[in-house]
Amino acid sequence: MSNSFLPYGRQSIDQADIDAVTDVLRGDWLTTGPAVREFEQDFEAATGAPHARACSNGTTALHLALAASGLGRGDVAIVPAITFMATANAARYCGAEVVFADVDAQTGLMTAATLQDAIDRAGGRVQAVLPVHLAGQVCDMPAIEPLARAAGAVVVEDSCHAIGTTTPWGEVGNCAHADAATFSFHPVKTIAAGEGGLVTTARADTARQIEILRSHGIERDPGRHERQEDEPWWHEMQALGWNFRLSDIQAALARSQLRRLAAFKARRQALAAAYDGALDGLAPVVQPIARVPGNDACLHLYAARIDFAAAGLTRSQVMSGLREHGIGTQVHYIPVSDQPYYRARYGQIDLPGARHYYERTLSLPLYQGMSDDDPVRVVEALKMVMAL
Ligand SMILES: *Cc1c(COP(=O)(O)O)cnc(C)c1O
């Protein structure tokens, strides 16, 4: 057993990754160039998505997907309360208001029932629904999509945790039940680009719109310009866009990491199974992450469920105790609706599933570079800290 510090997540970089980046550094392009398009094409092949468009991070992926779908001022977006704040913030960047949906108390996922409740609270008409595939497990999209459509909404799956997960309707990101899906390549996520993001979409018009908006709103196709003069310098900004581009340096790393996704998934599944085994018998105080049936999940987080109150301990005590054993943990997530910005805007809202989930969740270390023994080491430390 190793005694080195185990963070809750960390990237895995091998020689092939380093070579891919240094190849770009020796070439002609540093910012968006051929490596970005090659990464997008590989991503399309890996997920079965008709179109993939890369961008600067997972937050700008959400922002671009919503902006390209036409979300705007006065519109309403439904976001589950248990997610990273960027899911909700992206709707606000577009000027839309957020209605928070509750989540299943065990999995932390938005369900058809919690979505319908949020649609009803929004008055029946909604312009965007953002299911979040928390920890790498996927929401029940065949049940969620028709409810969202009936309310008039586009569906954007926040898939930042879920690259590599296979569902009965195919790979995450294939947009079988959504207009778009978004990904992040932040180093704590399953594949790392330093910073990076991507949108997949089934719609050619959305893909085009994202290309334009990620680079200042400039229309690159001369055939689509308003001004048709023979002026080689002419370029046209037809919408207000941003600089949300991914660089070729980052794309080369992301592409190399994508080639390792199957190995990463196998590793994460083996580690998750080791956690399940080590936690066996600790219920009801400590339980493994709740599994979603039908998912062949590439877990981003091993979110254990712990009844801290039943053990007579606070979560802070358990986290500091584990830290003394060299084990890093994290809480995913504080309900976004409880953040001061959103409380000030929408008031205090009571979402019992989110509260239950939040009070019990603790993400244990899970990343490719952990050894086979590490889950047992973590659980042994947890037992000591909690006197189980
Ligand atoms: C990480 C994450 C994001 C944002 O991605 P960044 O690349 O950090 O901007 C959005 N949503 C979820 C669920 C995430 O985990």
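1. Which element gives the largest share of the lining of the largest pocket? The answer is H3, with three residues. Helices are DSSP runs of H or I with at least four residues, numbered from the N terminus.

2. This is a predicted model, in which local features need pLDDT of at least 70 and side-chain atom pairs count only at pLDDT 80 or more, while totals for chains, interfaces and linings use all residues. Residues are numbered from 1 along each chain as its sequence is written, and side-chain values use heavy atoms, with hydrogens and water left out.

3. The shell around the ligand holds 15 residues (each with a heavy atom within 4 Å of the ligand). The closest are Gly-58, Thr-59, His-161, Ser-184 and Lys-189. By class, the shell has five nonpolar, eight polar and two charged residues; Ala, Val, Leu, Ile, Met, Phe, Trp, Tyr, Cys and Pro count as nonpolar, Asp, Glu, Lys and Arg as charged, and the others, Gly among them, as polar.

4. The protein covers 93% of the 380 Å² of accessible area that the ligand has on its own (Shrake-Rupley method, 1.4 Å probe).

5. Helices H3 (58-68) and H4 (86-93) are the elements that give two or more residues to the shell around the ligand. H3 gives the most, with three residues.
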